[in-house]
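The following questions and answers concern the structure shown here.

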Amino acid sequence: MIDALIDGAIKRRKVVLGVTLIACLFGLFAYFSMPREAQPDIDLPYIFVVVPFPGVSPEDAERLLVKPLEVQLQTIQGVKHMNAVARQDTAIVTLEFEPSFPKEKALNDVRAKVDLARGRFPPDAEAPIIEEENFSDQPVIGIVLHGAAPERELARISRDLKERLEASPGVQEAFESGAREELLDVNIDPLRMEAYNVTASDLAGVISRNNQLVPAGALRAGAGMFAMKVPGVVQNPADILALPVKKNGDRIVTIGDIGSVRRTFKEPDFITRFNGQPAVALDVSKRSGANILDTVATVRKVVADEEKHWPSTVKVDFTYDNSDFIARTLTVLESGIMTASLLVMMIVVAALGIRQGLIVGLAIPACFLIAFMMIHADGVTLNQMVMFGMVLAVGILVDGGIVVVEYADRKMAEGLPKDQAFAAAGKRMFWPVVNGTLTTLCAFLPFMFWNTISGKFMSYLPLTLFFVLGASIFVALIFTPALGSIFGRKTAVDA
């Protein structure tokens, strides 16, 4: 079977070269379309459960929130560690799983147990927030809006920019900080309130009842069905001033009769400033699998388009840009691969001669491009570990081609034509090349089963080697004999 495979490759050499060329073109396309990242996008085995409860003390948060959560969450299978923190206004429970945990199943189990624990929470506790952690959630670029503009204008521009960014391709979320939430401040005159015999609870009840969304359903009539809308959400100060409080004789007492309303902001949790000026910051994270270089370029383009419509007093700056570091890192690694490939090719040409050396040297780009095609098909991003694997494979992938070309040279020296010589080399060296490649891969195989976070991170190195050295077997035993049978050194019989 092996002999028939090698003979078939020699007889149909043009088909073999054409298929290899097509595979290399697909690999070249895959290389340019692969998402770029600094580190592999692995799933970190952490799930966080956050329960907000405004006004609760750390002691009460532990007793009322943490304990019910711990009772339920400790029954989940696969939990390695569970840590809980009770703070002012909140409780946080961190669950650590094994690195190879099934993420979707773990999230579903946590949601189910949290729903059971909510039955023992106080009524004022807010809905729990369940979050997972991964590298793609980390911000890739920071945007700072600053200047001598009014705070309300900065907040408006920030909200508009946040909406534009989150609607852009590749952007997952734009986290806003430094912009205070607007509210309506109702100032009541105590004398008027007493004169109209209105209490503070009356005012609070009127405002709360008239500031909620009421689903009205639909009205079915002979002409069809019509959607009903009940105005119930306060949109401006005039809506509050016009709210009726009580009836005083023939007159309806409104909030405007006993008080006033002004627009203001909530008290700040923290203050953001940039170069001594008030500022609003946006931290942008990318979607999982998105190309960080393309995402950052999109973010900068959106900011540049929006900046044209801003007042001249509003300035924008970028505090960090991870794409710059990733681009420089990948450029250094790409230069290292090209330098290593050139050095290897120079050594091979010096040892085998120009023609035979170039036949072996073509294995380097061919293996890389075929490997890029398979890596892209596997859904792996282009990151540091993949590039390190490529650098490590440069000197190894040519070993099979050198062995095949050396044996073919010896056969041609004995008088065989080059097509028969390369066919004999492919048949004779098939198992030595395969066994030599497999023994090299076995040295890296344990990294694939290292069940830790660092092991998941390092697993991309042997995975890259498997793809590259697997491609080198095809190139050395199929592509090289087919290429050598056409462009190999001429023998006395050929002449």
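A residue counts as buried when its relative accessible area is under 20%, as exposed when that area is over 50%, and as partly exposed in between. The model discussed here is predicted.

Q: Is leucine 282 buried or exposed, and what is its relative accessible area?
A: Leucine 282 is found in strand β14, which covers residues 277-286. The cut-off for a buried residue is under 20% relative accessible area. Leucine 282 is therefore buried, with a relative accessible area of 0%.

Q: How far apart are the C-alpha atoms of leucine 282 and glycine 178?
A: Not counting residues up to four places away in sequence, leucine 282 touches several residues, among them Ala174, Phe175 and Glu176. Glycine 178 lies 104 residues from leucine 282 along the chain. The separation of their C-alpha atoms is 8.9 Å.

Q: How many helices and strands does the protein chain have, and what is its radius of gyration?
A: The protein chain holds 19 helices and 15 strands. For 495 residues the globule rule gives 23 Å, and the chain lies well over that value, so it is more spread out than a compact globule. Its C-alpha trace spans about 125 × 65 × 55 Å along the principal axes. The radius of gyration is 34 Å.

Q: Among contacts between residues at least 6 apart in sequence, what percentage join residues at least 24 apart?
A: Buried residues make up 42% of the 495 residues in the protein chain. Among its contacts between residues at least 6 apart in sequence, the part joining residues at least 24 apart is 77%.

Q: Which term describes the orientation of α2 to α13?
A: Two packed helices are described by the angle between their axes and the distance between the axes. For helix α2 (residues 13-33) and helix α13 (residues 363-377), the axes come within 7 Å and cross at roughly 60°. That angle makes the orientation of α2 to α13 oblique.

Q: How many nonpolar, polar and charged residues form the contact of α2 with α13?
A: α2 passes α13 in a left-handed crossing. On the α2 side the contact includes Phe26, Leu28 and Tyr31, and on the α13 side it includes Leu369, Phe372 and Met373. By class, the contact has 11 nonpolar, 3 polar and no charged residues.

Q: At what angle do α3 and α4 pack, and what is the handedness of their crossing?
A: Helix α3 (residues 58-73) and helix α4 (residues 103-118) have axes 9 Å apart and pack at an angle of about 135°. The two helices are therefore oblique to each other. Their crossing is right-handed.

Q: How do the residues of the contact of α3 with α4 divide by class?
A: From α3 the contact takes Pro68, Leu69, Gln72 and Leu73. From α4 it takes Val110, Lys113, Val114, Leu116 and Ala117. These residues divide into 7 nonpolar, 1 polar and 1 charged.

Q: Which helices do the buried residues of α1 pack against?
A: Helix α1 covers residues 2-11, and its buried residues are Ile6, Gly8, Ala9 and Ile10. These buried residues pack against α2, α16 (418-428) and α19 (460-487).

Q: Which residues does serine 485 touch?
A: Serine 485 lies in helix α19. With a relative accessible area of 4%, serine 485 is buried. Not counting residues up to four places away in sequence, it touches Ile10, Arg13, Lys418, Asp419 and Phe422.

Q: Is phenylalanine 449 buried or exposed, and at what relative accessibility?
A: Phenylalanine 449 lies in the loop between α17 (430-444) and α18 (453-458). The cut-off for an exposed residue is over 50%. Phenylalanine 449 therefore counts as exposed, at 65% relative accessibility.

Q: What value is phi of aspartate 89 near?
A: Aspartate 89 lies in the loop between β2 (79-87) and β3 (90-97), and at 34% relative accessibility it counts as partly exposed. Its phi is positive in a residue other than glycine, near 75°.

Q: Which residues is proline 35 in contact with?
A: Proline 35 is found in the loop between α2 and β1 (43-52). At 12% relative accessibility, proline 35 counts as buried. Leaving aside neighbours within four places in sequence, its contacts are Gly289, Ala290, Asn291, Thr381 and Leu382.

Note on methods: Residues are numbered from 1 along each chain as its sequence is written. This is a predicted model: local features need pLDDT of at least 70, side-chain atom pairs count only at pLDDT 80 or more; totals for chains, interfaces and linings use all residues. Side-chain values use heavy atoms; hydrogens and water are left out. Axes are lines fitted to C-alpha atoms, for helices over the stretch in contact, and angles run from 0 to 180 degrees between N-to-C directions. Helices (H or I, at least four residues) and strands (E, at least two) are DSSP runs, numbered from the N terminus. Angles under 35 degrees count as roughly parallel, over 145 as roughly antiparallel, 65 to 115 as roughly perpendicular and the rest as oblique. A crossing is left-handed if the near helix is turned anticlockwise from the far one by less than a right angle, and right-handed if clockwise. Contact means heavy atoms within 4.5 Å. Ala, Val, Leu, Ile, Met, Phe, Trp, Tyr, Cys and Pro count as nonpolar, Asp, Glu, Lys and Arg as charged, and the others, Gly among them, as polar. Buried means under 20% relative accessible area, exposed over 50%, partly exposed in between (1.4 Å probe, protein chains only). The radius of gyration is taken over C-alpha atoms; the globule rule is 2.2 Å times the number of residues to the power 0.38.
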